[in-house]
Amino acid sequence: MPRRIESLMIEGPAGRLEALLEEPGGGEPQQAALVCHPHPLHGGTMHNKATYRLARGLRRAGAVVLRFNFRGVNLSEGEHDNGRGETEDARAALEVLRERYPSLPFTLAGFSFGSRVAIRLASQWTSPSPRRLILAGYPTVYRQHDLLTRVTVPRIFVHSTMDEFGPREDLQSLYNQLWEPKQLHWIDAEDHFFGGSLDAFELKVAEVAA
């Protein structure tokens with residue numbers, strides 16, 4: 001069975017949002033996932049390598065995955081809003097994903113800035129609750145982690161051992177303060193973007209999402 005890929009334009013709060021919906025190959029999806037990309041002002045798009053591998057790892061685990069570009073990125077309308085508006089963009093995308101696949105359990109996932117957006121959305125989304133949060137390259141340098149410590153959704157961190165925006169000691173210290181359920185998986189990589197280890201990163205995502 002060929003894998004279904006569909007380009008979408010989602011009606012967001014600041015205009016249309018460019019999106020890509022991809023089902024897993026070889027069968028019907030068993031779960032759904034929304035994937036948020038890194039910082040728009042630093043070149044982040046839904047086609048970022050780590051974001052693509054995050055999405056592909058989720059598809060390997062049987063998920064239908066919706067990626068989208070935040071406001072102001074490529075064909076998405078609007079202007080950057082420091083995470084507040086981007087959370088509303090993610091909400092609009094998740095609503096579309098839930099409308100398409102209402103019976104499937106769903107995951108919120110994000111890379112870097114996108115992981116912070118995923119956390120904020122999870123803290124606001126009431127019912128049904130996400131199955132899990134997959135937080136790749138969570139940037140500890142922002143030093144504001146209140147939502148992360150309060151959200152009750154299971155949190156799964158996948159992190160580079162050489163992440164310049166989330167140094168290992170900082171992330172480990174933060175992780176140690178969080179209550180269960182939680183997981184932390186280290187990828188032996190060159191930098192924040194999982195340089196030299198994207199295959200290992202993708203495999204780990206597939207493993208934790210299965």
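Asn48 is placed in the loop that joins strand E3 (31-36) to helix H1 (49-60); helices (H or I, at least four residues) and strands (E, at least two) are DSSP runs, numbered from the N terminus. The model is predicted, with local features requiring pLDDT of at least 70 and side-chain atom pairs counted only at pLDDT 80 or more, while totals for chains, interfaces and linings use all residues. Residues are numbered from 1 along each chain as its sequence is written, and side-chain values use heavy atoms, without hydrogens and water.

Asn48 has a relative accessible area of 15% and is therefore buried (under 20% relative accessible area, 1.4 Å probe, protein chains only). A polar atom of the Asn48 side chain lies 3.0 Å from the backbone nitrogen of Ala50, and the Asn48 side chain reaches the backbone nitrogen of Thr51 at 2.8 Å. Residues up to four places away in sequence aside, Asn48 touches Pro38, Phe111 and Phe193 (heavy atoms within 4.5 Å).

The axes of H1 and H6 come within 7 Å and cross at roughly 40°, so H1 is oblique to H6. The buried residues of H6, among them Leu198, Phe201 and Glu202, pack against E3, H1, strand E6 (132-136), strand E7 (155-160) and strand E8 (182-187).

Note on methods. Buried < 20%, exposed > 50% of the residue type's maximum accessible area, 1.4 Å probe, protein only. Polar contact = N/O pair within 3.5 Å; in protein donor to acceptor, adjacent residues only side chain to side chain. Axes fitted to C-alpha atoms, helices over the stretch in contact; angles between N-to-C directions. Parallel < 35°, antiparallel > 145°, perpendicular 65-115°, else oblique.
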